[in-house]
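Dear colleague,

Please find below the structure that I am handing over to you.

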Amino acid sequence: MRNAGKQVERIMADLAGCGLNAVADLLRGQEPFTEGLHYPPDDARDAKTGARFYYHAHAGPLDEHGHFHLFAPISPSRREAEDCTKDLVQLVAISMDVWGMPQALFSINQWVSGGRWRDAGKTLDLLGRYRVEHAYPSWMVNRWITAMLRLFHPHIAALLAARDKAIGEAATGISVAAVRADRRRPVVAIMPIDVGELLAELHQLESQAGECQETASSALER
């Protein structure tokens, strides 16, 4: 998390230095931004890992500018080079506010994006393999998204557990498959996040660890 946090912080600072953020950088040259369309139009796909994402906006439960949807193939052998959309698993979505800052993580129901469904544990396994590191549509945004998943891994684990619990509780008297196909339930779980707050916590922990090491070293010298 510390390493991912440093990368997220560095990328956001580099973008801010150019008057940009992750959303603005991704949408450069694709104005006007149109609700419902995917950005980039053919989605961002990593040829090696099969990982994929796109950004879009539509009416929903969050007050936002838009959100990133992140996907991974069900197995490394089923990559997006084959365009096997049906074998993709929705990992998580990142909601962005009007200033282009991440404000929440959320998990959608299966019918929204289709593809495969995996429980929290297996989805986290796929999350660990997620990498989009090529230049298109934005090398900075691709690396930022990959690092965000590492930085917020514990939060995503809790979100997916809450998703599975909500699906299970809603399946009283009906099948789980019916709940996953329920069009009245597009979003299953939401978790607000604050990147700056988490980075500050990590900096404090790192500082405390450094102080402990110095104290231990001094004690050994004495």
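**Rings, charges and surface**

The charged end of Arg-163 is placed over the ring of Trp-117, at 4.3 Å from its centre. Please keep in mind throughout that this is a predicted model.

Another arginine is placed over a ring elsewhere in the chain: Arg-143 lies over the face of Trp-139, with 4.0 Å to the ring centre.

**The chain as a whole**

The chain has 222 residues, of which 42% count as buried. Its secondary structure consists of eight helices and six strands. In sequence order, these elements follow the pattern α-α-β-β-β-β-β-α-α-α-α-α-β-α.

**Aromatic pairs**

A pair of aromatic rings is described by the distance of the centres and the angle of the planes. The structure contains six aromatic pairs. In one of them, the ring centres of Tyr-54 and Phe-71 are 5.9 Å apart and the planes meet at 25 degrees; planes under 30 degrees apart count as stacked, and therefore this pair is stacked. Tyr-54 belongs to strand β2 (residues 52–56) and Phe-71 to strand β3 (residues 66–73), so the pair ties together parts that are 17 residues apart in sequence. Tyr-54 and Phe-71 are both buried.

A further pair is formed by Phe-68 and Trp-144. Their ring centres are 6.0 Å apart and their planes stand at 55 degrees, so the pair is tilted. Because Phe-68 lies in strand β3 and Trp-144 in helix α5 (residues 139–151), this pair ties together parts that are 76 residues apart in sequence. Both Phe-68 and Trp-144 are buried. These two residues also belong to a cluster, in which ring pairs link Phe-33, Tyr-39, Phe-53, Tyr-55, Phe-68 and Trp-144.

**Salt bridges**

Side chains of opposite charge can pair when their charged atoms come close. In another, the side chains of Asp-43 and Arg-52 meet at 3.2 Å, N to O. Both Asp-43 and Arg-52 are buried.

Asp-182 and Arg-184 also form a salt bridge, and their closest N and O atoms are 3.0 Å apart. Is Asp-182 buried or exposed? Its relative accessible area is 16%, so Asp-182 is buried. Arg-184, by contrast, has a relative accessible area of 75% and is therefore exposed.

**Residues in loops**

Asn-109 is found in the loop between β5 and α3 (110–113). The relative accessibility of Asn-109 is 1%, so this residue counts as buried. Leaving aside residues up to four places away in sequence, Asn-109 touches Trp-117, Ile-167, Val-179, Arg-180, Asp-182, Arg-185, Pro-186 and Val-188. This list includes Trp-117, whose ring has the charged end of Arg-163 over it, and Asp-182, which forms the salt bridge with Arg-184.

Tyr-136 is placed in the loop between α4 (120–128) and α5. With a relative accessible area of 41%, Tyr-136 is partly exposed. Residues up to four places away in sequence not being counted, Tyr-136 touches Pro-40, Pro-41, Asp-42, Asp-43 and Asn-142. The C-alpha atoms of Tyr-136 and Leu-26 are separated by 9.5 Å, although these residues are 110 residues apart along the chain.

Val-98 is located in the loop between β4 (88–96) and β5 (102–108). At 56% relative accessibility, Val-98 counts as exposed, because the cut-off for this word is over 50%. Together with Trp-99 and Met-101, Val-98 forms a nonpolar patch on the surface, and the three have about 360 Å² of accessible area together.

Yours sincerely

Notes. Residues numbered from 1 in each chain as written. Predicted model: local features only at pLDDT ≥ 70, side-chain atom pairs only at ≥ 80, totals over all residues. Heavy atoms only, no water. Phe/Tyr/Trp six-rings, centres within 6.5 Å; stacked < 30°, edge-to-face > 60°. Helix = DSSP H or I, 4+ residues; strand = E, 2+ residues; numbered from the N terminus. Buried < 20%, exposed > 50% of the residue type's maximum accessible area, 1.4 Å probe, protein only. Lys NZ or Arg CZ within 6 Å of the ring centre and 35° of its normal. Patch = residues over 30% accessible without salt bridge, like charges linked within 9 Å, V, L, I, M, F, W, Y side chains within 5 Å. Areas by Shrake-Rupley, 256 points an atom, 1.4 Å probe, with all protein chains shown as cover. Salt bridge = Lys/Arg side-chain N within 4 Å of Asp/Glu carboxyl O. Contact = heavy atoms within 4.5 Å.
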